[in-house]
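My plan was to look up one topic at a time and write down what I found.

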Amino acid sequence: MVIEAGSLAPPTPGAPTGAHALLFYKVTCPTCQMAAPPMDRLERAYPGRIAGIGQDPAEKLEAFSRTYAMTFPSEPDLPPYDVSNAYGIEHVPTLVVVDADGVVADVVESWDRDGLNRASGRLASLLGAEPAVVSEPGDGLPEFRPG
């Protein structure tokens with residue numbers, strides 16, 4: 001079961017200090033491929049506050065980032081997927097927002113437009129920034145797509 005808001009976030013290699021968001025993904029996941037470019041809007045809105053946790057080797061993560069225009073850094077989480085398991089990740093993509101005290105503030109599994117926009121707003125609030133829109137109706141992306 002995925003980690004719940006209010007839980008203490010497990011230690012995460014490559015995670016920014018302070019309030020941040022983690023995107024768990026796998027390069028072969030079609031939903032992750034679709035979500036990658038819009039998720040990079042978070043990096044542009046909140047520079048240095050987004051980190052990827054990819055369930056693939058570093059070279060595959062780098063190629064994925066180039067192909068799908070993701071500019072935030074990603075760390076590999078290889079079998080037995082210690083970081084993903086610590087967060088209870090069952091579906092990718094999953095976005096986890098963590099506050100400055102290391103407490104999970106929001107979690108969104110799969111591609112969920114409303115959930116991702118809500119999580120973006122939550123991160124913006126934690127950072128004292130204007131919220132970025134991840135996706136909106138009419139942008140060609142579905143409202144929901146399972147991971």
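Predicted model: local features only at pLDDT ≥ 70, side-chain atom pairs only at ≥ 80, totals over all residues.

Which residues of α1 are buried? I found T31, C32, M34, A35, A36, P38, M39, D40, L42 and E43. I took buried as under 20% relative accessible area, exposed as over 50%, and partly exposed as in between (1.4 Å probe, protein chains only). Helices (H or I, at least four residues) and strands (E, at least two) are DSSP runs, numbered from the N terminus.

Residues are numbered from 1 along each chain as its sequence is written, and side-chain values use heavy atoms, with hydrogens and water left out.

**Aromatic pairs.** I counted 3 aromatic pairs in the structure. Rings of Phe, Tyr and Trp (its six-membered ring) pair if their centres lie within 6.5 Å; planes under 30 degrees apart count as stacked, over 60 as edge-to-face and the rest as tilted. F24 and Y87 make a tilted pair, 5.1 Å centre to centre with 55° between the planes. F24 sits in strand β1 (residues 20-25) and Y87 in the loop between α3 (82-86) and β4 (94-98), so this pair ties together parts 63 residues apart in sequence. Both F24 and Y87 are buried.

I then checked Y25 and F64. Their ring centres are 5.2 Å apart and their planes are at 25°, so this pair is stacked. Y25 belongs to strand β1 and F64 to helix α2 (residues 58-67), 39 residues apart. Y25 is buried at a relative accessible area of 1%, and F64 is buried at 4%. Y25, F64 and Y68 form one aromatic cluster.

**The core.** Which members of the largest nonpolar core touch the most other members? Of its 45 residues, they are F24, Y25, M39, Y87 and L95. Such a core is a set of buried Ala, Val, Leu, Ile, Met, Phe, Trp, Tyr and Cys residues joined through side-chain atoms within 4.5 Å. α1 gives the most to this core, with 6 residues.

**An exposed residue.** I ended at D82 in helix α3. D82 is exposed, with a relative accessible area of 55%.
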